[in-house]
Amino acid sequence: MSQADGFGLAGIIGMPVAHSRSPVIHNYWLKAHGIRGSYVPLAVKPERLEDALRGLIALGFRGCNVTMPHKQTAMPKLDRVNETATRIGAVNTIVIEADGTLSGFNNDGNGFVQSLRDAKADWRGDAGPILLLGAGGASRAVVVALLENGAREIRIANRTADKAQAIAREFGSAVSTIAWDDRAAALGDVALLINCTDRGMVGKDALEIDLSRLKPTTLTADLIYTPLETPFLAAARARGCVTVNGLGLLLNQARLAFKAWFGVMPDVTPELIKAIEATF
């Protein structure tokens with residue numbers, strides 16, 4: 001939604017939100033493209049979410065990103081939600097349309113898939129079995145994107161089997177579950193291995209998994225970007241695997257949001273990576 005004075009506003013709604021790297025990313029791009037505007041963190045309590053969303057319209061925002069704990073609860077407060085976000089059951093991007101209505105999207109899964117292609121240009125969803133570790137909201141976004149990109153066999157292992165089984169039931173025969181205790185034994189034939197848990201994040205214990213069956217040809221990804229290389233990714237790299245950290249997901253979903261708000265598809269440059277790394 002363009003403002004009368006041409007100053008573009010966007011932001012990120014969450015609680016807490018001070019840790020987000022999104023302001024660094026979007027403000028870098030605004031400056032790089034000579035766009036007058038600002039991207040701001042917006043700490044919003046759950047009970048004030050609807051007021052905050054309507055306030056964005058009154059304040060002339062172009063839109064916002066949405067992070068926890070609002071990614072699910074924002075959905076019914078929007079005027080429309082696209083099919084991908086509906087399948088995932090969460091939004092991460094809101095666009096304020098020219099008529100003042102709110103449209104919801106979820107670019108997390110597409111951002112993740114693009115990060116795989118950035119690391120391996122010929123990546124295909126149907127290259128072989130895929131193993132996901134974890135069955136939370138991030139896992140759902142990844143499953144939807146993988147299915148939309150041709151994945152034929154996705155296996156989910158989660159400490160709580162019920163959560164993994166719920167995703168498998170929802171998304172059909174291409175998605176199955178394996179027991180958490182069998183996660184290491186299941187590595188032998190996988191083409192893509194993804195950590196969707198928070199294990200290995202700064203302040204958390206490392207992900208416990210024996211990678212001795214992991215083939216060097218297996219593309220190995222982690223949704224975490226603090227640190228940039230988790231112990232899990234370091235171990236996979238030591239086995240010869242191409243590895244992908246969570247920074248690619250963050251940057252690629254941000255590119256899609258920036259384009260929706262400001263009409264320009266920005267690039268990920270070494271200078272931007274340095275600016276983000278400086279915040280760690």
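1. **Basis.** This is a predicted model, in which local features need pLDDT of at least 70, side-chain atom pairs count only at pLDDT 80 or more, and totals for chains, interfaces and linings use all residues. Residues are numbered from 1 along each chain as its sequence is written, and side-chain values use heavy atoms, with hydrogens and water left out.

2. **Domains.** The protein is divided into domain 1 (8-107 + 253-278) and domain 2 (121-241). These bounds come from an automatic or database domain assignment. The two centres, taken over C-alpha atoms, are 27 Å apart. Six residues of domain 1 are in contact with ten residues of domain 2. Contact means heavy atoms within 4.5 Å.

3. The largest pocket holds about 1300 Å³ of space. Domain 1 and domain 2 both give residues to its lining, so the pocket lies between them. A pocket is found on a 1 Å grid over the protein atoms alone, as an open set of points where a 1.4 Å probe fits, with protein on both sides within 12 Å along at least five of seven lines. Lining residues have an atom within 4 Å of a point. A volume is the space filled by probe spheres set on the points, which are joined across faces, edges and corners.

4. **Largest pocket: lining.** The lining has 44 residues, and T67, M68, K71, A138 and M201 lie nearest the centre. β3 (61-66), α5 (137-148) and α8 (247-262) each supply at least two residues. α5 gives the largest share, five residues. Helices (H or I, at least four residues) and strands (E, at least two) are DSSP runs, numbered from the N terminus. By class, the lining has 18 nonpolar, 18 polar and eight charged residues. Ala, Val, Leu, Ile, Met, Phe, Trp, Tyr, Cys and Pro count as nonpolar, Asp, Glu, Lys and Arg as charged, and the others, Gly among them, as polar.

5. **Second largest pocket.** This one holds about 180 Å³. Its lining includes S115, D118, T243, N245, L251 and V268. α4 (108-119), β12 (243-244) and α8 each supply at least two lining residues. The largest share, four residues, comes from α8. Five lining residues are nonpolar, five polar and one charged.

6. **Cores.** The largest nonpolar core has 33 residues, of which L132, V143, L146, I154, I156 and I194 touch the most other members. α5 gives the most to this core, with seven residues. A second, separate core of 19 residues includes I25, Y39, A254 and F258. A nonpolar core is a set of buried Ala, Val, Leu, Ile, Met, Phe, Trp, Tyr and Cys residues joined through side-chain atoms within 4.5 Å. Buried means under 20% relative accessible area, exposed over 50%, partly exposed in between (1.4 Å probe, protein chains only).

7. **H70.** H70 sits in the loop between β3 and β4 (80-81). H70 counts as buried because its relative accessibility is 1%. Beyond residues up to four places away in sequence, H70 touches I13, G14, M15, V44, K45, P46 and L49.

8. **L53.** L53 lies in helix α2 (residues 49-59). L53 is buried, with a relative accessible area of 2%. Its contacts, leaving aside neighbours within four places in sequence, are I13, A74, K77, L78, I94 and L102.
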